Amino acid sequence: MRVIFAISTDDRTLSAFHTEAEAISYCEGLDVVSGNWLFFGDKGFPLQATFTTSPQQSGIVVTNGLYHLEASFGPRLNEYLKDIVAIDGPKGFRSHEEIRAYCGA
């Protein structure tokens, strides 16, 4: 099983998704550009969001933009777990211990 993880940096919540499309649908582009989300792929390796269309905000109207996730460099997910206060994910991905076991730490 492949999993996409996303950390909300403002509330320190970790979300786990079955697909990249689910993660992208959940994580609004404007928040991603602002640095409010960190992404990790299979086994906790870092991912970066690459935008093909930038999100826009004009008054109260916000467009999400279009982005996809690609492999990146940097700390793995395990290095962020100590700061996570809540986890939202499917069965098998609901605790720090389950995430550590999946990521191989």
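Q: Which residue of strand 4 stands opposite Phe40?
A: This is a predicted model, in which local features need pLDDT of at least 70, side-chain atom pairs count only at pLDDT 80 or more, and totals for chains, interfaces and linings use all residues. Residues are numbered from 1 along each chain as its sequence is written, and side-chain values use heavy atoms, leaving out hydrogens and water. Strand 3 (residues 37-40) and strand 4 run antiparallel and are joined by 2 bridges; strands (E, at least two residues) and helices (H or I, at least four) are DSSP runs numbered from the N terminus. Within strand 4, the residue opposite Phe40 is Pro46.

Q: Which residue takes a positive phi in the hairpin of strand 3 and strand 4?
A: This hairpin has 5 residues between its strands. Most residues other than glycine have a negative phi.

Q: In which loop is Arg12 found?
A: Arg12 is a residue other than glycine with a positive phi, near 55 degrees. With a relative accessible area of 42%, Arg12 is partly exposed. Its place in the chain is the loop between strand 1 and strand 2.

Q: In what order do the 6 strands of the open sheet follow one another?
A: The pairing in this sheet is mixed; two strands pair if DSSP finds at least two bridges between them. Strand 4 and strand 7 run antiparallel, joined by 6 bridges, whereas strand 2 and strand 8 pair in the parallel sense over 3 bridges. The strands stand in the order 7-4-3-1-2-8.

Q: Which residue of strand 8 is the bridge partner of Thr13?
A: Thr13 belongs to strand 2, which spans residues 13-17. Strand 2 pairs with strand 8 in the parallel sense. In strand 8, the bridge partner of Thr13 is Ala86.

Q: How many aromatic pairs are there, and how far apart are the ring centres of Phe51 and Tyr67?
A: Rings of Phe, Tyr and Trp (its six-membered ring) pair if their centres lie within 6.5 Å, with planes under 30 degrees apart counted as stacked, over 60 as edge-to-face and the rest as tilted; by this rule there are 8 aromatic pairs. Phe51 in strand 4 (residues 46-53) and Tyr67 in strand 7 (residues 66-71) are 16 residues apart, and Phe51 stands opposite Tyr67. Phe51 is partly exposed at 24% relative accessible area, while Tyr67 is buried at 8%. Their ring planes meet at 40 degrees, so the pair is tilted, and their centres are separated by 4.9 Å.

Q: Which residues does Leu77 contact, leaving aside its neighbours within four places in sequence?
A: Contact means heavy atoms within 4.5 Å. Leu77 is among the members of the largest core that touch the most others. Its contacts are Phe5, Ile7, Leu14, Phe40, Gly44, Ile99 and Cys103.

Q: How far apart are the C-alpha atoms of Phe73 and Ile7?
A: Phe73 lies in the loop between strand 7 and strand 8. With a relative accessible area of 83%, Phe73 is exposed. Phe73 and Ile7 are 66 residues apart along the chain, and their C-alpha atoms are separated by 16 Å.

Definitions and conventions. A nonpolar core is a set of buried Ala, Val, Leu, Ile, Met, Phe, Trp, Tyr and Cys residues joined through side-chain atoms within 4.5 Å. Buried means under 20% relative accessible area, exposed over 50%, partly exposed in between (1.4 Å probe, protein chains only).
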